[in-house]
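Please examine the sequence and the model shown below.

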Amino acid sequence: PPKPPPATSPAPAAAAAAPAASSADIAEIEKKITEQGELVRKLKADKASKDAISAEVTKLLALKEELKAAGGELAPPAKQDKKKGGDNKKEEPKKEEGGGKKGKKKKGGDKKEEGGDKKEGDKKEGGKKEYDAKFLKTVEKEGGKKGQDILGVYEMGGLEFFCTTIDTPEGDLHLMEIVLDNMNREIDENSEEKRGGAGPVGKMLFSAGIEQLGMIARVPTDKIHKINTKDWMAHVCKQLQGELQPGATEELAKGVVLADKQKGRFPLKMKDDAIAAAIAYLRERNCFPDNDDESDDDFVYGDDDFDDAF
């Protein structure tokens, strides 16, 4: 009779998943992220070289990836404020009689409403659905302040088109539009502190976040014959392998360039390339100064030339 096949040892069990990081490990990583973030802010405040800043930002991004892998959660400024805002909203249903469950349904409805507002052409907004009122004031303030700065350049040199960076949105297209609206708002002559007034200037704004570089542009109606906003944004997206967002028009357009750590594509680093592409498009159409005696920074790097808006 045939011999039975030799017994085989059972396949080794799959390696057990690495144990989850302890709360102490996560706390240590969070501490490092805080310290590294302070270092990056200090370098920016000290106007360190772009290479020095980029090197420290790369370390910061690596720490945040390490935190995610350890099971921790990132806590950007907007989300922290959102949490506070959520606590305040929990108190509202208590004021209504028998409003416990009704309040929850109402709250869910609000989220749906907000999400609906932001779906139009903004598929890459980073998933933020609520913003704390105090944080939104900071966003609006940055827009109003930079609007005044741009207006000043426009009135001094007649610059019709402008490219600059904004900080508070961190790549969020919805927040970037709030900044843009406040740049362009009518100046309140009765206000002690003037804000906005940059409506006559065509502009493209850039904001770097962790996951993407956000871009938004608006050109006044009387300047569309010179620069079509949708074509302008499409050109920049093509140069950076970005995505032109749905709903773009000749007056308003949005785009994003997604981060890719494996390919070394970090939003903060890609920001300068995007600005350069936007300016090149303007220069080809004689819509931006071509002065070899002055640096482009005099015209475009709002975070370097303008005072902080907050």
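**Salt bridges and a helix in a predicted model**

A search of the whole structure finds 11 salt bridges.

**Salt bridges**

- Asp 149 and Lys 145 are joined by a salt bridge, with 3.2 Å from N to O. These two residues lie four places apart in helix 5 (residues 133-157), so about one helical turn separates them.
- In an α-helix there are 3.6 residues a turn, so residues three or four places apart point the same way.
- Both Asp 149 and Lys 145 are buried.
- Arg 195 and Glu 193 form another salt bridge, at 2.7 Å from N to O. Arg 195 is buried because its relative accessible area is 12%, under the 20% limit. Glu 193, at 49% relative accessibility, counts as partly exposed.
- Lys 42 pairs with Asp 46 in a salt bridge whose closest N and O atoms are 2.9 Å apart. Asp 46 is partly exposed, with a relative accessibility of 49%.

**Helix 1**

- Helix 1 covers residues 23-45, which makes 23 residues. At 1.5 Å a residue, helix 1 should span 33 Å, and its end C-alpha atoms are 33 Å apart, so the two values agree.
- Which residues of helix 1 are buried? They are Ile 26, Ile 29, Ile 33, Gln 36, Gly 37, Val 40 and Leu 43.
- Helix 2 (50-69) is included in what covers these buried residues of helix 1.
- Just after helix 1, Lys 47 adopts a positive phi of about 55°.

Technical notes. Residues are numbered from 1 along each chain as its sequence is written. This is a predicted model: local features need pLDDT of at least 70, side-chain atom pairs count only at pLDDT 80 or more; totals for chains, interfaces and linings use all residues. Side-chain values use heavy atoms; hydrogens and water are left out. The expected span of a helix is 1.5 Å times one less than its number of residues. Buried means under 20% relative accessible area, exposed over 50%, partly exposed in between (1.4 Å probe, protein chains only). Contact means heavy atoms within 4.5 Å. A salt bridge is a side-chain nitrogen of Lys or Arg within 4 Å of a carboxyl oxygen of Asp or Glu.
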